[in-house]
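Colleague: I'm new to this one and could use a guided tour. Could you show me how to read it, one feature at a time?

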Amino acid sequence: MRIGIGYDVHQLIENRKLILGGIDIPYHLGLLGHSDADVLTHAICDAILGAASLGDIGTHFPDTDPRYEGIDSQFFLRAIAKKVKELGYTIGNVDSTVIAQQPKLAPYISQMRSELAKTLDISVTQISVKATTAEGLGIVGKEKAIVAQAIACLAKSNSIGL
Ligand code: MG
């Protein structure tokens, strides 16, 4: 069994969509980035890549590549899931936390889990999404950014599970 962690941060600005876990969340601010800037999906990508020692999302999908401008980050996650499966891994579970001062994310958690499970081709029970605030502190608390953290567990069906 192998585990990996992922972390990401994106700046919150005007005139951008707020996409988290593949879900378009109505809000007056959105995340800045080369792709759709889905910070949660990016953290999950890095957790899965980390568990397989395959580098990070920037290695696989450089943010200088015009092909990825404005792209739905589910594309990255789907490609990464396919890659680790080709290497013989199965995804055990993924846990994640979004740290955002606003908006309240509770109404969207179950949609995010469904979308991420669909992308990863796993059961919704294998993916957890949690949300918390920064208690008004720092860049997240002042609504300058949203942060996401994730952890993923992969298993390989060989004798030592690696
Ligand atoms: Mg990112």
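Colleague: Let's start with H42: is it buried or exposed?

Modeller: Keep in mind that this is a predicted model. A residue counts as buried when its relative accessible area is under 20%. H42 has 7%, so it is buried.

Colleague: And how does H10 count, buried or exposed?

Modeller: H10 is buried too, because its relative accessibility is 13% and the cut-off is under 20%.

Colleague: Which residues are the protein donors of the magnesium ion?

Modeller: For a metal site, look for the atoms that reach the ion. Here they are OD of D8, NE2 of H10 and ND1 of H42, at 2.0 to 2.3 Å from the magnesium ion. Along the sequence, the donors follow the spacing D-x1-H-x31-H. H10 sits in strand β1 (residues 2–13) and H42 in helix α1 (residues 39–51), so this pair, 32 residues apart, links distant parts of the chain.

Colleague: Now the sheet. In what order do the strands come?

Modeller: Read across the sheet, strand by strand. You get β4-β1-β7-β5-β6, an open sheet of 5 strands with mixed pairing. At the edges are β4 (30–31) and β6 (127–132), each with pairing on one side only.

Colleague: How many bridges join β1 to β4?

Modeller: There are 2, and the two strands run antiparallel. I13, for one, has G30 in β4 as its bridge partner.

Key
Residues numbered from 1 in each chain as written. Predicted model: local features only at pLDDT ≥ 70, side-chain atom pairs only at ≥ 80, totals over all residues. Heavy atoms only, no water. Donors = N, O, S within 2.8 Å, 3.2 Å for Na, K, Ca; no water. Helix = DSSP H or I, 4+ residues; strand = E, 2+ residues; numbered from the N terminus. Buried < 20%, exposed > 50% of the residue type's maximum accessible area, 1.4 Å probe, protein only. Pairing = 2+ DSSP bridges.
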